[in-house]
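I opened my notebook to look up a few things in this model.

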Amino acid sequence: MADSKKFYLPTEVRFGRGSVECLGTLVNPKQKVFLVTDPGVEKAGLTGRVQVILEEAGAAVTVFNQVEPNPSAVSVEQTLNALKETGAAMVVAVGGGSALDLSKVVSALATNPGKLEEYQWNGRKFEHEPLPFMAIPTTAGTGSEVTRVAVIVDRNTKKGVGSDRLFPRVAMVDPEMTAGLPRGLTAATGMDALSHAVEAYVSLGANLFTDSWALTAAKLIGRSLLRACVAGDDLDAREEMALASTLAGVAMDQAGLGIVHSMAGPICSYYHLPHGLACAILLPYGVSYNLTASPERMAMLASALGCETKGLTALEAGRDAVAAVYRLVRETGLSLDLSTFGIKESDADLVAEETTKMFLIKDNPRRPSVAECRAVFLAALHGEEPQYCTF
Ligand SMILES: [Fe+2]
């Protein structure tokens, strides 16, 4: 069989400062638009800016500002009902991953029969084209603006709904929309983006396309995340982080993820940690666990993160990648261990068991046993300096 590498991204990406303004060219006069957002983003004035752009283009806008963190199936139903009541022909989301994921799903359910659970749990396919969906991220992290997946909480689990039809029609990635993000959120979402880049780069699903995006994203994050954390109005840093987030999003969508996201799933479902924070805490240990499976790739990551690797063996340079990730988490000011959030050693068996059952684990370069997942979890629980190759 031919060695064919696939790359599929139907989303049109508009990138750069002020790129959100192009939204005005994408609507027709008198078109009804359903604008999805959350109260924090609305309070920051970002929703208002988008609403003005749409209304100046002649659109009739209904603002739906009730997006909750980690949207649930119930929330999907309520949002879908609100969308149908307006008769809107287009959905626009302004916000983080929650607003974008919720909007992907309601755009598709608006034109497809049946309930979410049929698509989320029973493998039903979206047969009809969704309402046009425009994504405007206000964080540099989730990459949801360029992926075919939406994560919705149901049956006490964060479970993805995946379909080529869920790709947004257009993504407007405008660094100005992230300029007011507080330090903690900048750090957590930025580490989520780094997790996407690192996991995609060492994934079994990686290819030449995704390698390029993942490595570039890691390099941009290595040199700009701290700057964006320390000086939120540094638009050069914000621009590099916005680009990195989108590149890493494309890489993860096409290549897959691994042990960090597989373990973040149950941790966030059971203990309600924000996704980016869980990924930030787990990432150094995930990199350490995967080091022996991909030392050459970890060495490339070390170099991308600014480490001097000349004269080192791949394994030595890979160890520097582990140390660089651990150091970066610490320097952003994020907590370094899971125990801070009330998670206990007695939770290890449950989390380890669940991690091995996650769909995403299939692309991790090592297939971890329950005992190995337990060891990774316990290291992250205590925030200890990663010990190499002992898992
Ligand atoms: Fe993520």
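**Entry 1: the loop.** I looked up asparagine 156 and found it in the loop between E6 and E7. Helices (H or I, at least four residues) and strands (E, at least two) are DSSP runs, numbered from the N terminus. This is a predicted model: local features need pLDDT of at least 70, side-chain atom pairs count only at pLDDT 80 or more, and totals for chains, interfaces and linings use all residues. Residues are numbered from 1 along each chain as its sequence is written, and side-chain values use heavy atoms, with hydrogens and water left out.

I checked the backbone next. Most residues other than glycine have a negative phi. Asparagine 156 is not a glycine, yet its phi is positive, about 65°. Arginine 155 also has a positive phi, near 50°. Arginine 155 sits in the loop between strand E6 (149–154) and strand E7 (157–162).

Is asparagine 156 buried or exposed? I read a relative accessible area of 56%, so asparagine 156 is exposed. The cut-offs are under 20% for buried and over 50% for exposed, with partly exposed in between (1.4 Å probe, protein chains only).

**Entry 2: the iron ion.** Which residues coordinate the iron ion? I noted Asp192 (OD), His196 (NE2), His261 (NE2) and His275 (NE2), at 2.1 to 2.2 Å. Donors are N, O and S atoms within 2.8 Å of the metal (3.2 Å for Na, K and Ca); water is not among the atoms, so sites may look incomplete. Along the chain, the donors follow the spacing D-x3-H-x64-H-x13-H.

I then looked at the angles. The 4 donor atoms subtend 84 to 169°, so the arrangement is irregular. Four donors count as tetrahedral if all angles lie between 85 and 135 degrees; four count as square planar and six as octahedral if opposite donors are over 155 degrees apart and all others between 65 and 115; anything else is irregular.

Aspartate 192 and histidine 196 are both in helix H6 (residues 183–202). They are 4 residues apart, so about one helical turn separates them. Aspartate 192 is buried at 3% relative accessible area. Histidine 196 is buried too, at 2%.

**Entry 3: cysteines.** I counted 0 disulfides. A disulfide is a pair of cysteine sulfur atoms within 2.5 Å.

**Entry 4: cavities.** How many cavities of 30 Å³ or more does the structure have? The search found 2. On a 1 Å grid over the protein atoms alone, a cavity is a set of points where a 1.4 Å probe fits but cannot get out; lining residues have an atom within 4 Å of a point. Grid points are joined across faces, edges and corners, and a volume is the space filled by probe spheres set on the points.

The largest cavity has a volume of about 50 Å³. H6, helix H7 (208–230) and helix H8 (235–255) each give two or more residues to its lining. The second largest cavity holds about 40 Å³. H10 gives the largest share of its lining, 4 residues.

Definitions and conventions: 1 Å grid on protein atoms, 1.4 Å probe; cavity = no way out; pocket = protein on both sides within 12 Å on 5 of 7 lines; lining within 4 Å.
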